Amino acid sequence: MFDCAKDLLAYHNEKVTLPQAEQTDMRNRRNANRDRLKKGLSSAGKPAPREFVVQGSYAMKTMTQHPGKDYDIDDGVYFHKEDLVGERGAEMSALQARQMVRDALDDGSFKKPPEVRKNCVRVYYEAGFHVDVPVYRRVTTKNLWGNETYHYELAASDWKRSDARAVASWFEAENDRQSPDTGNGRQLRRIVRLIKKYARSRDSWKGQVLSGFGITKLVTERYRADAGREDRALYNTMVAIRDRLRGSLVIDHPVTPNETITSGPDDARARFLRDKGSVTIDNLAPRFEYGCTRQQALKCWDKVFATTFFSDRAESRAQAGASLLGVGTVVPAAAPLAFPKAPRVDDKPRGFG
C-alpha cells in the first residue's frame, strides 16, 4: 500500500479540521445566543436557566470544514424541573418548554425566526450555520434515607430521560482508550473527522448518507489504529465499517439503553454509506498494485474526497523541487536528487474550547 500518510495528515489539518477563525466565530455566536436567551426569558418573567452545555460534534470536537459553512452547533439549555410551570401552576409539557425557549430567542433580529423542532429549538444564521438548542430539565428525587439523586430529561415529543453530556464523555473515553497517539486530537478523532468529511464530500449525498453521530459510533466500533500510517488506519477502518454494515445496518446508541441511532433493520442512510463505501474501497485498489506511483496513489485519494488537494500537493512539491535546482545547476549523474519532505504536521491538539 503506497505510503500517503503525510499527505492525508496534511489534508486533515488544512481541509478537514476547523480553522481557528471559524471556531472563534461559532463560539462567539454561541455565547451571544446564550445571552439572548437569558435576556428574553428574564423580560418575559420566565425561569432562568441553571446551565448551558455544548453537545454533539461541537462538544466531541469532530466538526469538519464545509465550503458553504453549513455548520450546526448543539448547545443545550437546562432548567430545574420545579421552575418549569405554566401560568396556572401546572407542570410544563415538553412542547411548552420548547415554545418558551423559542419565544425568548426570537428578538426580531433574525431574517428567519427561530423555530420549534422535534427535539430542540433551531436558530438560523445568514452565515450558513445554525444553533440547535435542546431543552432539558433536571429532576431531583429523594430516596428513603433522604438523600437526593437527580437525572435529566429532554423535551422531545414528551419528556425523555437523556443527557448529552454522557455522549461526549463516552467519546472522549473511547478516543483516549483506542488511539495510539496523544497529539493532534488523537488518531481516532482524526479518523472520525476524515470519514465525516468523506460523507459530506458530494452535495448529492446530502440527506441520504448516515448522520455524523452514526459515523462516529461506527468508527469507535470498528476503528483500526495504526500509529505510523494515517492512510492505512483510515483505509482499514473504512473496510471494517463496510463489512460491519454488511452484517447489520442497526447502530445502537452508545449511552442510552434500548435506543438506536438508525431506523430499523434496513436503514436507508446506513445502507447508502455501506454501498458508497464499497465503491470507494474499490477506487483505492490501485494503491496496492505493484509499481503504483506516488501520483497514481494521490489521485486515488482525490477520488475518495472529491478533491484535487492530493494531486495539487504532489505538483507543488515537484515545482518546489525543480526550483531548488536553479538555472545552470549541475547535478552529478550518480547522485540521486533529494527534495524536502512534506511540512511537519502540527501535533497540537485541535478543539473548540
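Me: Axes are lines fitted to C-alpha atoms, for helices over the stretch in contact, and angles run from 0 to 180 degrees between N-to-C directions. At roughly what angle do the axes of helix 1 and helix 6 cross?

Reply: This is a predicted model, in which local features need pLDDT of at least 70 and side-chain atom pairs count only at pLDDT 80 or more, while totals for chains, interfaces and linings use all residues. Residues are numbered from 1 along each chain as its sequence is written, and side-chain values use heavy atoms, with hydrogens and water left out. Helices (H or I, at least four residues) and strands (E, at least two) are DSSP runs numbered from the N terminus. The axes of helix 1 (residues 5-16) and helix 6 (residues 187-199) come within 11 Å, and their crossing angle is roughly 70°.

Me: Are helix 1 and helix 6 oblique or roughly perpendicular to each other?

Reply: Angles under 35 degrees count as roughly parallel, over 145 as roughly antiparallel, 65 to 115 as roughly perpendicular and the rest as oblique. The axes of helix 1 and helix 6 cross at roughly 70°. The two helices, helix 1 and helix 6, are therefore roughly perpendicular.

Me: How many charged residues does the contact of helix 1 with helix 6 hold?

Reply: Leu-8, Leu-9, Tyr-11, His-12, Lys-15 and Val-16 of helix 1 make the contact with Arg-190, Arg-193, Leu-194 and Lys-197 of helix 6, contact meaning heavy atoms within 4.5 Å. Ala, Val, Leu, Ile, Met, Phe, Trp, Tyr, Cys and Pro count as nonpolar, Asp, Glu, Lys and Arg as charged, and the others, Gly among them, as polar. Of the residues in this contact of helix 1 with helix 6, five are nonpolar, one is polar and the charged ones number four.

Me: Is the crossing of helix 8 and helix 9 left-handed or right-handed?

Reply: The axes of helix 8 (residues 230-247) and helix 9 (residues 268-283) come within 9 Å and cross at roughly 135°, and the two helices are therefore oblique to each other. A crossing is left-handed if the near helix is turned anticlockwise from the far one by less than a right angle, and right-handed if clockwise. The crossing of helix 8 and helix 9 is left-handed.

Me: Which residue takes a positive phi in the hairpin of strand 6 and strand 7?

Reply: Strand 6 (residues 135-142) and strand 7 (residues 148-155) run antiparallel and are joined by seven bridges; two strands pair if DSSP finds at least two bridges between them. Thr-141 stands opposite Thr-149 in strand 7. The hairpin has five residues between the strands, and the positive phi, near 85°, belongs to Gly-146.

Me: Which residue in strand 8 is the bridge partner of Ala-155?

Reply: Ala-155 lies in strand 7, which runs antiparallel to strand 8 (residues 159-161) and is joined to it by three bridges. A hairpin of three residues links strand 7 to strand 8. In strand 8, Ala-155 has as its bridge partner Trp-159.

Me: Does Ala-155 count as buried or exposed?

Reply: Buried means under 20% relative accessible area, exposed over 50% and partly exposed in between (1.4 Å probe, protein chains only). Leaving aside neighbours within four places in sequence, Ala-155 is in contact with Ala-94, Arg-98, Lys-118, Asn-119 and Val-135. Because its relative accessibility is 0%, Ala-155 counts as buried.

Me: What percentage of the residues in the chain is buried?

Reply: The chain has 11 helices and eight strands. In helix 7 (residues 212-222), the buried residues include Ile-215, Leu-218 and Val-219. Of the 353 residues in the chain, the buried share is 48%.
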